[in-house]
There are 2 protein chains.
Amino acid sequence: MTSDVRARIDPSIETARSVVEAGLDSGAVVTIFGECTVEYDGRAASTLGPGDRHVMCKPDGTVLVHTDEGHQPVNWQPPGCTHDVSITDDALVLDSRRDNPDEQLVVTFDAVEHVAAFDVTDPEELSLSGTEEDLRQRILEEPSLIEPEFTPLATERETSAGAVDVYGEDGDGRAVVLELKRRRVGPDAVGQLARYVEALQRDLHADTGVRGILVAPSVTDRARSLLAERELEFVALEP
Amino acid sequence: MTSDVRARIDPSIETARSVVEAGLDSGAVVTIFGECTVEYDGRAASTLGPGDRHVMCKPDGTVLVHTDEGHQPVNWQPPGCTHDVSITDDALVLDSRRDNPDEQLVVTFDAVEHVAAFDVTDPEELSLSGTEEDLRQRILEEPSLIEPEFTPLATERETSAGAVDVYGEDGDGRAVVLELKRRRVGPDAVGQLARYVEALQRDLHADTGVRGILVAPSVTDRARSLLAERELEFVALEP
DNA sequence: AAATAGATTTCGTCC
DNA sequence: GGACGAAGTCTATTT
C-alpha cells in the first residue's frame with residue numbers, strides 16, 4: 001500500500017511552496033510548521049508577531065493556526081475560503097480569503113521547518129450521545145421524569161418568541177413549557193424560559209397561567225433566584 | 001541553525017510510539033497522521049470508526065483530532081490532560097485523561113503515515129481589535145454616540161442580575177443601562193438587557209423608570225419586537 | 001473552584 | 001441566505 005503523504009523537513013522556501021501548492025490543488029490536508037507572523041482582517045482584526053506555529057489548511061477552505069497552547073487556534077479562517085500560496089522577499093506567504101463576510105488571513109513564514117500534505121479519506125460519521133436531543137428523547141419516552149401526570153404534546157412548538165423545546169400539559173390541563181439543558185444552567189437559561197412562557201401566555205391568552213419548567217442537571221444560585229422571582233420551576237435531570 | 005523537528009514518514013508502530021513519547025516528554029507539539037478510531041467518554045460520549053485523521057498533542061495537555069473538514073476538531077481533549085502512548089495489538093494507542101470532569105479520549109492508530117514533533121517557541125501575544133471591549137472604550141470616550149446628553153457613570157456595574165456593561169444617566173437624570181454587542185443581535189441579547197433593567201429598577205427602587213439601550217450594529221426582526229414589547233431601546237453602532 | 005458572559009465563536013436546522 | 005439556539009463549546013475574569 002502506497003502512502004499518500006508528501007513531507008519535507010527543513011525544506012527550502014521554494015520546496016515548501018511547491019509542496020503546499022500541490023497539496024492544495026490535490027485536495028489534501030496541508031500542514032506547515034515554522035516561524036511566522038499572522039495578519040487577520042475581517043469581522044475583527046488582529047496581528048501576531050514572529051513565533052513558531054503549526055498551520056493546517058483543509059480542502060474545504062479551513063485554515064487553523066495553532067500555538068503550543070490552548071484548544072482554540074490563535075488565528076483561523078472558517079470553511080469556504082480560497083487559499084493562495086506564494087513567495088515574497090524569501091518568505092512563504094499563505095493568503096486565505098472569503099467574501100460575506102469579507103475576511104483575509106495572511107500567514108508569512110520566514111522559515112519553514114516542516115511541511116506535509118495528507119490525502120484524507122474519512123468515511124465515518126461521529127456517533128455522539130449525551131446531548132440535549134438525547135435528553136429530550138428520554139423525556140418523551142418517560143414523561144413522568146418531569147412529574148407524574150405530565151403529557152408532552154409537541155416539540156419545537158412555535159411561539160412568538162421562538163420555538164419551545166417541549167410543550168405539554170400537566171394533570172390539571174395547564175399548559176407547560178420545558179426548557180432543556182444538558183448541563184448546569186445560569187441566568188441566561190432562565191431568561192430564555194421566561195421569554196417562552198410570557199410569549200405562550202400571550203399567544204394562548206389562557207385564563208390559567210402557563211407553567212415553565214427548567215430541566216437540567218443543576219442550577220446556579222442566581223438562576224435559582226431568578227426562577228423563584230418569575231415563578232418558574234426546576235426539575236433536576238442528568239443528560 | 002539546527003532544526004527542532006523530529007519527523008518520520010510511514011514509520012513502524014514502534015518508531016511512531018518512540019517519536020510521540022519522546023515528543024510528549026520533551027514538551028513538544030506532536031502530530032500524528034494516519035488511520036485511526038476514536039473513543040471519547042466524559043461530559044458526553046462518542047465513537048468514531050476508522051478513517052484518516054490528523055491528531056495534535058500540545059504540551060499543555062490539549063489533544064485535537066481533525067478530519068478533512070470543518071473548523072472544529074471532530075474529537076478533542078481540553079488543556080490540562082495527561083497523555084499516555086502505548087502499543088496494543090500492533091496499534092498505536094494514545095490515551096488522554098483528566099479529572100473534574102472525568103474525561104477520557106482514546107485514539108487508536110492501525111497505521112501511522114506520518115509522525116512529527118515540533119519544539120515551539122512563541123513569545124508573541126495576539127493583538128486583537130474590533131471586540132466588544134473596543135466598542136465600550138469608544139462609547140466611554142464619546143458618549144454622544146449613544147445620545148447627546150448620555151453620561152457614563154460606571155462599567156461592569158453590579159446588579160442583582162449580574163454586571164451591566166455600561167451604566168449611566170441621560171439628560172433628565174434617568175438611569176440608563178447599556179448592553180453592548182459587537183454583532184447583529186437576536187432575542188437572547190434583549191432578554192439579557194431586560195434582566196438587567198428589571199434588576200436595577202428593583203435595586204434602585206427609582207420612581208422614574210430605568211432605561212435600557214441595546215447597542216449593536218443591527219437587530220433581527222424578532223429582537224426588535226421584543227425590544228418594543230419591553231419598552232427597551234436600540235442604538236446602531238459598529239464595533 | 002464556581003459563576004458569568006464574550007467569541008473573528010462554529011455548527012446544524014429550519015424557514 | 002438569514003435566524004435561532006446548542007455545544008463534550010472554550011476562554012477570560014471575577015468572586
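Mentor: Here is the protein surface around DNA strand C.

This is a predicted model, where local features need pLDDT of at least 70, side-chain atom pairs count only at pLDDT 80 or more, and totals for chains, interfaces and linings use all residues. Residues are numbered from 1 along each chain as its sequence is written, chains are lettered from A and ligands numbered from 1 in written order, and side-chain values use heavy atoms, without hydrogens and water.

Start with the neighbours. There are 25 residues around DNA strand C, where near means a heavy atom within 4 Å. A:Arg43, A:Arg184, B:Lys181, B:Arg182 and B:Arg183 come nearest.

The surface holds 10 charged, 7 polar and 8 nonpolar residues. Here Asp, Glu, Lys and Arg count as charged; Ala, Val, Leu, Ile, Met, Phe, Trp, Tyr, Cys and Pro as nonpolar; the others, Gly among them, as polar.

Now the phosphates. B:Arg183 has a side-chain N or O atom 2.6 Å from a phosphate oxygen of DNA strand C. B:Tyr196 places a polar side-chain atom 2.8 Å from a phosphate oxygen.

α3(B) gives the most, with 3 residues. Helices (H or I, at least four residues) and strands (E, at least two) are DSSP runs, numbered from the N terminus.

Methods. A polar contact is a pair of N or O atoms within 3.5 Å; within protein, one must be able to donate a hydrogen and the other to accept it, and residues adjacent in sequence count only if both atoms are side-chain atoms.
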